[in-house]
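Keep the structure open as you read.

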Amino acid sequence: MPSAGLVFQSFVLGLLLGGLYALLAAGLTLYFGIMRVVMIAHSAFLILAAYLAWWTHARLGIDPLLSMVVTVPLFFGVGVALQRLLLARLRAATLTMMSVLLTFAIAVLVEGLLGYAFSGTQRRIQLGYGSASFGLFGARIAVVKLIAFGLAAVALATLYLVLKKSTLGWALRATIQHQDAARLIGIDTERVAGYGFGLGLATAAVGGTALSLDTTIYPSLHWHWIGPLMAIIVVGGLGSVPGAAAAAMLLGMAQSLLQIPMGTTWAQTVFYLALFATLALRPQGFFGGRLAQRF
């Protein structure tokens, strides 16, 4: 029987992990909500951002968090370019299916470039505060995990404000709800789709930097992430950013708690069990309905 302290620590770690999952799933939700694009390459760009953060620290000797000054606007621009130059050229009738094939190819290309540039050697950032931790009601919380959660929280709050308070956000939400109606009221949905894609990829820049603080990285690591993230956006409701965030927090905590009796490898099956249950019982997602309409 696990001790109460161990359960509490697993709960807190699950909460922190869920915040990171929520940020990464928000990007995937934007892609699908705006364009009905399944962006397989999202996690590959996540690992690319992690490598850029590692390179910033290893070669330039500065804190990897500062790499976001370059990577966030860079990834935004790459996202806009990908949407306008590649995805916008796909036929609407087969967009979702063809986007899977196209973005799969992009993911393999990014992985290959990372392997060529950095080799397949595993990399890890050695930070002065990397081993620091503090106590919380008997639990030990790593400082880097708290920083990663803080980055996710700030990025999600910024994304929320953009979507709720800005003109671009109103146009994005209108496009997500009904593209044809958005066009009728004068919204340039093609331009909005490009900006939305850029925002989604910018979240990968933040998430990859957060991931690099406490994770050993290697070029093929993105395949480990894409399955759970896809499960999250299905469980949360395709196209619903708040739904994806709710599912991410719930599944992140479930994964962490299940690691106590099942171990790390088997605990991750909770994502796929939740995916199967969603497809069988509520294909529209467990958190999507009213939340998607509000947001």
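Helices α9 and α10 cross in a right-handed sense. A crossing is right-handed if the near helix is turned clockwise from the far one by less than a right angle, and left-handed if anticlockwise. The model is predicted: local features need pLDDT of at least 70 and side-chain atom pairs count only at pLDDT 80 or more, while totals for chains, interfaces and linings use all residues. Residues are numbered from 1 along each chain as its sequence is written, and side-chain values use heavy atoms, with hydrogens and water left out.

Stay with this crossing. Helix α10 spans residues 241-262, and its axis comes within 7 Å of the axis of α9, at roughly 120°. Axes here are lines fitted to C-alpha atoms, for helices over the stretch in contact, and angles run from 0 to 180 degrees between N-to-C directions. The helices themselves (H or I, at least four residues) and the strands (E, at least two) are DSSP runs, numbered from the N terminus. α9 and α10 are therefore oblique to each other. The classes are set by angle: under 35 degrees is roughly parallel, over 145 roughly antiparallel, 65 to 115 roughly perpendicular, and the rest oblique.

Which residues make the contact of α9 with α10? From α9 come Ile-232, Val-235 and Gly-236; from α10 come Gly-243, Ala-244, Ala-247, Ala-248 and Leu-251. Contact means heavy atoms within 4.5 Å. By class, this contact has six nonpolar, two polar and no charged residues. For that count, Ala, Val, Leu, Ile, Met, Phe, Trp, Tyr, Cys and Pro are nonpolar, Asp, Glu, Lys and Arg are charged, and the others, Gly among them, are polar.

Helix α9 (residues 222-236) also packs on helix α2 (residues 42-60). Their angle is about 135°, and their axes lie 8 Å apart. That makes α2 oblique to α9. The crossing is right-handed. On the α2 side the contact uses His-42, Ser-43, Ala-44, Leu-46 and Ile-47. On the α9 side it uses His-222, Trp-225, Ile-226 and Leu-229. These residues divide into six nonpolar, three polar and no charged.

Now turn to α5 and α8. Helix α5 covers residues 143-165 and packs against α8 at about 165°, with the axes 9 Å apart. That makes α5 roughly antiparallel to α8. Their crossing is right-handed. Ala-148, Leu-151, Ala-155 and Val-162 of α5 meet Leu-199, Val-206 and Ala-210 of α8. The contact of α5 with α8 has seven nonpolar, no polar and no charged residues.

Next come the rings. How many aromatic pairs does the structure hold? There are eight. Rings of Phe, Tyr and Trp (its six-membered ring) pair if their centres lie within 6.5 Å; planes under 30 degrees apart count as stacked, over 60 as edge-to-face, and the rest as tilted. The centres of Phe-45 and Phe-75 are 5.9 Å apart and their planes meet at 80°, so this pair is edge-to-face. Phe-45 sits in α2 and Phe-75 in α3 (residues 68-85), so the pair ties together parts 30 residues apart in sequence. Phe-45 is buried, at 7% relative accessible area. Phe-75 is buried too, at 2%. Buried means under 20% relative accessible area, exposed over 50%, and partly exposed in between (1.4 Å probe, protein chains only).

Phe-76 pairs with Tyr-195: the centres are 6.4 Å apart and the planes at 15°, so the pair is stacked. Phe-76 is in α3 and Tyr-195 is in α8 (residues 189-212), 119 residues apart. Phe-76 is partly exposed at 28%, and Tyr-195 is partly exposed at 30%. Ring pairs also link Tyr-21, Trp-225 and Phe-271 into a cluster.

Finish in the loop between α4 (95-118) and β1 (133-136), where Ser-119 lies. The phi of Ser-119 is near 65°, a positive value in a residue other than glycine. Arg-124 is in the loop between α4 and β1 as well, and is partly exposed at 38%. Leaving aside neighbours within four places in sequence, Arg-124 contacts Trp-54, Asp-214, Thr-215 and Thr-216.
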